[in-house]
Amino acid sequence: MSNINQCDRFRIVLYSIAMTQAAFQIQSTIIVLLMVIGIMLRSDKSKHVPMMSLVIAWDILLVLQIELTRSAIAKASQVTTNPMILNIHVTLATTTIVFYLFMIYYGRKLLKGDLSIKTIHRRMGLATFVLRMATYITSYFVVIR
Ligand code: HEM
């Protein structure tokens, strides 16, 4: 242990932060790609529903992972991020999660045969996709480098 000096320790911390954030960005990219595939499969409910359920569940898990490590990363790195972009990003991410809940609600109604809800599900689906893309793009501007 005594062989590791303060400078090495700092390097290890920075490396761990970079790895953690890379893991978040990789997951986020996969989620966005799966969402695109799920939307392309929208007319086949046997594929669309499981794909969208996976996207929503994984995205909520990703937000939890980020939240649980956020204070540790902020404390260890002490790097100031752009607060305006961060606020915009967090608002977009939170709104996306709220929209997911509506998508589950309307999606379940559609599954039960209520076709009157199809237009709302489609329009909200487009809005949810735009929100998720905006969350994805802004995430690159808040990441600590
Ligand atoms: C962010 C998540 C979601 C998006 C972006 C999305 C998007 C869409 C879109 C664009 C359509 C086509 C609507 C049309 O052709 O008028 C559709 C259809 C459908 N969605 Fe979703 N959806 C999502 C989540 C869900 C979930 C969670 C469920 C079920 C619980 C669901 C169930 C359905 C069903 C049953 C259909 C009709 C399929 C058919 O035509 O047979 N969706 N969705």
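A residue is buried if 20 or more other C-beta atoms lie within 10 Å of its own, exposed if 12 or fewer, and partly exposed in between, with C-beta atoms placed from the backbone. The model here is predicted, so local features need pLDDT of at least 70 and side-chain atom pairs count only at pLDDT 80 or more, while totals for chains, interfaces and linings use all residues. Residues are numbered from 1 along each chain as its sequence is written.

Q: Is asparagine 82 buried or exposed?
A: Let's start in the loop between H2 and H3, where asparagine 82 lies; helices are DSSP runs of H or I with at least four residues, strands are runs of E with at least two, and both are numbered from the N terminus. Within 10 Å of asparagine 82 there are 11 other C-beta atoms, and this residue is therefore exposed.

Q: Which residues is asparagine 82 in contact with, leaving aside its neighbours within four places in sequence?
A: Two residues are in contact if their C-beta atoms, placed from the backbone, lie within 7 Å. Asparagine 82 and phenylalanine 141 are 59 residues apart in sequence, and their C-alpha atoms are 8.0 Å apart in space. Leaving aside neighbours within four places in sequence, the contacts of asparagine 82 are Phe141 and Val142.

Q: How many C-beta neighbours does leucine 86 have inside 10 Å?
A: Leucine 86 is found in helix H3. Leaving aside neighbours within four places in sequence, leucine 86 touches Thr81 and Val142. Leucine 86 counts as partly exposed, since its C-beta neighbours inside 10 Å number 14.

Q: At what angle do H3 and H4 cross?
A: Helix H3 covers residues 83-111, and its axis comes within 8 Å of that of H4. Axes are lines fitted to C-alpha atoms, for helices over the stretch in contact, and angles run from 0 to 180 degrees between N-to-C directions. H3 and H4 are therefore roughly antiparallel (over 145 degrees; under 35 is roughly parallel, 65 to 115 roughly perpendicular and the rest oblique). The crossing angle of H3 and H4 is roughly 155°.

Q: What is the handedness of the crossing of H1 and H4?
A: Helix H1 (residues 6-40) and helix H4 (residues 118-142) pack at about 160°, with axes 11 Å apart, and are therefore roughly antiparallel. A crossing is left-handed if the near helix is turned anticlockwise from the far one by less than a right angle, and right-handed if clockwise. The crossing of H1 and H4 is left-handed.

Q: How many residues of the contact of H1 with H4 are nonpolar?
A: H1 brings Gln25, Ser28, Val32, Met35 and Ile39 to this contact, while H4 brings Gly125, Phe129, Arg132, Met133, Tyr136 and Ser139. Ala, Val, Leu, Ile, Met, Phe, Trp, Tyr, Cys and Pro count as nonpolar, Asp, Glu, Lys and Arg as charged, and the others, Gly among them, as polar. In the contact of H1 with H4, four residues are polar, one is charged, and the nonpolar ones number six.

Q: Which residues make up the largest nonpolar core?
A: A nonpolar core is a set of buried Ala, Val, Leu, Ile, Met, Phe, Trp, Tyr and Cys residues joined through C-beta atoms within 7 Å. The largest one has five residues: Met35, Met52, Val55, Ile56 and Tyr100.

Q: Which residues is valine 49 in contact with, leaving aside its neighbours within four places in sequence?
A: Valine 49 is found in helix H2 and is partly exposed, with 16 other C-beta atoms within 10 Å. Its C-alpha atom is separated by 7.9 Å from that of glycine 38, 11 residues apart along the chain. Neighbours within four places in sequence aside, valine 49 is in contact with Gly107 and Leu111.

Q: How far apart in space are tryptophan 58 and arginine 9, C-alpha to C-alpha?
A: Tryptophan 58 has its place in helix H2. Tryptophan 58 is partly exposed, with 15 other C-beta atoms within 10 Å. Tryptophan 58 and arginine 9 are 49 residues apart in sequence, and C-alpha to C-alpha their separation in space is 33 Å.
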